[in-house]
Amino acid sequence: MDGRLLSLIIPVYYEEEVLEASFLRMDAAMRATGHPYEIIYVNDGSRDGTMKILRRLAKENKQVKVRSFSRNFGHQLAVTCGMDAAKGEALIIIDVDLQDPPELIPQMVERWKNGADIVYGKRVKREGESIFKKVTAACYYRLLSWMSAYPIPLDTGDFRLIDRKVADCFLKMREHSRFLRGMSAWMGFEQEAIEYVRQERAAGKTKYTLKKMLKLAMDGITGFSAKPLTLAGKLGIGLCALSGLGLVALIVLACTCGVAPWLWAVDGLALLQGLTLCFMGIQGMYLGRIYDEVKGRPLYIVAEELNLE
């Protein structure tokens, strides 16, 4: 048996219907790794029977640890809370609903042993989800990849294994609006994907409402891209170019067959609006720099050191 401790982090929010069945599969998957392990549940403010079940699981299983919020703080902060408590050499993040199969955990651990710092699950198919959810998810991941300054893998969630050194870097970043998969991409490190079919929920209903999904989407875009701030400037440059070409065309027409006076006014207004957008884009560039500084992320991350004390 490899003596390195593994930590499994599971955020829960109103999950009494699936919690016990989920624990059996999670525990079996962790035993199959051949490592000592701990299972850390973070109760994200549930007010049903979730906490009662967690207390019993912790009493009957010494490897189970529980942290419970005073109210609902959200999925990303619940995962962060679990990471703060984790003592493992590798941390595995998974949702309790069994849509992401725990049976993949031993494969993730093997990839980690072979040198990968981050092993993430990549969804090749999504079972039991509406067409609306599938289409919006596909569009969002591609929009995020285009908007982000850092390559964020398509069709991935928070189901992943991260090495201890990666977790320590996560814990240095204490921003409130967190988007963990984007933070993973920003840090770099050696990353590998494991493809799988995402299953339908084992029981209960998803707690990710449309409002929460939109918030997470905006956190992902605004937290890892300054493009929205500079978009006005790009539109302004395009509008100035078009109005400039229009002005040349009006001058040529005026010298040949004449031009209606209102066309000069329209072109002048377009040029003025383009200049306004250009200056808004410049302001956005300054705001983007301020935003990057306020987040307080480390300037760089050292992945490995040799012969340094």
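The following conversation goes through a predicted model by question and answer.

Biologist: What should be kept in mind about the numbering and the model?

Modeller: Residues are numbered from 1 along each chain as its sequence is written, and side-chain values use heavy atoms, with hydrogens and water left out. The model is predicted, and local features need pLDDT of at least 70, side-chain atom pairs count only at pLDDT 80 or more, and totals for chains, interfaces and linings use all residues.

Biologist: Which residues of the largest nonpolar core touch the most other members?

Modeller: A nonpolar core is a set of buried Ala, Val, Leu, Ile, Met, Phe, Trp, Tyr and Cys residues joined through side-chain atoms within 4.5 Å, where buried means under 20% relative accessible area, exposed means over 50%, and partly exposed lies in between (1.4 Å probe, protein chains only). The largest such core has 34 residues, and the members that touch the most others are Leu-8, Ile-10, Leu-19, Tyr-41 and Leu-161.

Biologist: Which element gives the largest share of this core?

Modeller: Helices (H or I, at least four residues) and strands (E, at least two) are DSSP runs, numbered from the N terminus. Several elements each supply at least two residues of the core with 34 residues, including strand S1 (6-12), strand S2 (37-43), helix H2 (50-60) and strand S6 (156-163). The largest share, 5 residues, comes from H1.

Biologist: Which residues does Tyr-41 touch, not counting residues up to four places away in sequence?

Modeller: Contact here means heavy atoms within 4.5 Å. With residues up to four places away in sequence set aside, the residues that Tyr-41 touches are Ile-10, Val-12, Leu-19, Phe-23, Leu-54, Val-64, Lys-65, Val-66 and Arg-67.

Biologist: How many residues are in the other core, which lies apart from the largest one?

Modeller: Among the members of this other core are Ile-40, Val-79, Ile-162 and Trp-186. The number of residues in this core is 23.

Biologist: How many residues of helix H7 are buried?

Modeller: Helix H7 covers residues 180-187 and is mostly covered. Its buried residues include Leu-180, Arg-181, Trp-186 and Met-187, and Gly-188, which follows H7, has a positive phi, near 85 degrees. The count of buried residues in H7 is 8 of 8.

Biologist: How many residues apart in sequence are the parts that Arg-25 and Glu-103 tie together?

Modeller: A salt bridge is a side-chain nitrogen of Lys or Arg within 4 Å of a carboxyl oxygen of Asp or Glu, and a search of the whole structure finds 10 of them. In the one between Arg-25 and Glu-103, the closest N and O atoms are 2.9 Å apart. Because Arg-25 lies in helix H1 and Glu-103 in the loop between S4 and H4, the pair ties together parts whose separation in sequence is 78 residues.

Biologist: Which helix holds both Arg-164 and Asp-168?

Modeller: The side chains of Arg-164 and Asp-168 meet in a salt bridge (3.1 Å, N to O). Arg-164 counts as buried at 17% relative accessibility, while Asp-168 is partly exposed at 35%. The two residues lie 4 residues apart, about one turn of the helix, and that helix is H6.

Biologist: How many disulfides does the count come to?

Modeller: A disulfide is a pair of cysteine sulfur atoms within 2.5 Å. Cys-278 is in no disulfide, for the nearest cysteine sulfur, that of Cys-240, is 4.1 Å away. By this rule the count of disulfides comes to 0.

Biologist: How far apart in space are Asp-84 and Phe-170?

Modeller: Asp-84 is in helix H3 (residues 75-85) and counts as partly exposed at 38% relative accessibility. Leaving aside neighbours within four places in sequence, Asp-84 is in contact with Arg-67, Leu-171 and Arg-174. Asp-84 and Phe-170 are 86 residues apart in sequence, and their distance in space, C-alpha to C-alpha, is 9.6 Å.
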